[in-house]
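My notebook is open, and I want to work through this one slowly. Here is what I am looking at.

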Amino acid sequence: MKITLSVIKADIGGYVGHSESHPDILAKADDCLSKVKSEGLLVDYHVTKCGDDLQLIMTHQQGEDNERIHKLAWDTFIDCTEVAKQLKLHGAGQDLLSDAFSGNVRGMGPGVAEMEFEEREAETIIVYMADKTSSGAWNMPLYKIFADPFNTIGLVIAENMHQGFTFEVHDVKEHKKINFNAPEEIYDMLVFIGAPSRFMVKAVYHRGSGEIAAVSSTQRLALIAGRYIGKDDPVCIVRSQGEFPAVGEVLEPFASPILVEGWMRGSHMGPLMPVSTKDSTPTRFDGPPRVTAAGFQLARGSLVGPRDMFADKSFNLARHQANEMADMMRRHGPFEPHRLPLEEMEYTTMPQVMKRLEGRFSPLD
Ligand code: F6R
Ligand code: MG
Ligand code: MG
């Protein structure tokens, strides 16, 4: 049975500030999608949140980039924005960059990750959602999951994974893409994906079967809007078990927190802390950045789950380490490397300050 899994998300208003989603917003989204499910367009859905981002996880048989599915998500965000406006939530409708839907939500603000596949005998899926960071945050985890034998022992000892995986990498500034085969091209690939503000892993494929293994959202809101309108707060879908890495191999990268961009005003580096959905409440200095993981088994398109994968106690140490890293980064205050390099900051006063002080600069001797 061919199924499409679409995860479409947007920040349409925060409670309080940018720290959380209001329960009325989630209830409204649930109303919208349950109506459509009963009419048959959706096979199933799950509404959730990661911090201030509303997440629509949907299964259907319409394929990727389908106009009816994208319109459904768009209309749901519009209806939820109305609720956000009523409650005067912060930044109501902030990710909806256009006034009218034009066939596809890509490029209109919301983040999208979609994959179509033949549902396996047992179809295990992990949906990652992050807040206060950008799409490049998935580069290192995806590399570890699908190319690093120190993370994924299956690459070494499982016959059905030994061939490796193909990575589709997007250059979001030049709007170009390229495929790399792991393991033999990993050194070339790392030249690019090690610069995650520009090069992003969009998808991963099994080299033997050609099956889609992972897909991420690669929208860059700042590039779309040409000005700051919030961080991308990306999502990523990973298929697991069988010819794909095991659930434990898929989750393992997040046990060692890394620094990502997007904390406070989209202008700071901070640790990506794995948390339960309940704890996706970026609060300290509007952070630190969070990642949640919703696990599902699919049954003829029905979403059996979610299991809140990072609620597990084995991620306690990672959370502790992330908070220590947060402290260490905060010590730098307005200095790099906590503050992002000038060209990556989402907020800046540089042009105004520079203009005002222009006359006071004199040449070096
Ligand atoms: C939002 C974020 C926050 C905001 C900050 C200022 O993704 O990272 O840190 O940038 O709270 O928000 P505004 O400009 O909406 O008052
Ligand atoms: Mg927000
Ligand atoms: Mg957000």
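First, a term I need: a donor is an N, O or S atom within 2.8 Å of the metal (3.2 Å for Na, K and Ca), and water is not among the atoms, so sites may look incomplete.

Ground rules next. This is a predicted model, where local features need pLDDT of at least 70, side-chain atom pairs count only at pLDDT 80 or more, and totals for chains, interfaces and linings use all residues. Residues are numbered from 1 along each chain as its sequence is written, chains are lettered from A and ligands numbered from 1 in the order in which they are written, and side-chain values use heavy atoms, leaving out hydrogens and water.

**Entry 1: the metals**

I looked up which residues hold the magnesium ion (ligand 3). I found Asp-52, Asp-53, Asp-131 and Asp-233, each through OD, at 2.0 to 2.4 Å. Their spacing in sequence reads D-D-x77-D-x101-D. Asp-53 sits in strand β3 and Asp-131 in strand β5 (residues 123-131), so this pair links parts of the chain 78 residues apart (strands are DSSP E runs of at least two residues, helices H or I runs of at least four, numbered from the N terminus). Asp-53 and Asp-131 are both buried, where buried means under 20% relative accessible area, exposed over 50%, and partly exposed in between (1.4 Å probe, protein chains only).

Then I checked the magnesium ion (ligand 2): its donors are Asp-11 (OD), His-18 (ND1) and Asp-52 (OD), at 1.9 to 2.2 Å. Asp-52 bridges the two ions, ligand 2 and ligand 3, which lie 4.4 Å apart. I noted that Asp-52 is buried at 2%, while His-18 is partly exposed at 25%.

**Entry 2: ligand 1**

Which residues come nearest to ligand 1? Of the nine around it, I got His-18, His-90, Arg-265, Asp-286 and Tyr-347 (a residue counts as near if one of its heavy atoms lies within 4 Å). Oxygen atoms of ligand 1 lie 2.7 Å from a polar side-chain atom of His-90, 2.9 Å from a backbone N or O atom of Arg-265 and 2.2 Å from a polar side-chain atom of Tyr-347.

How values were computed. Polar contact = N/O pair within 3.5 Å; in protein donor to acceptor, adjacent residues only side chain to side chain.
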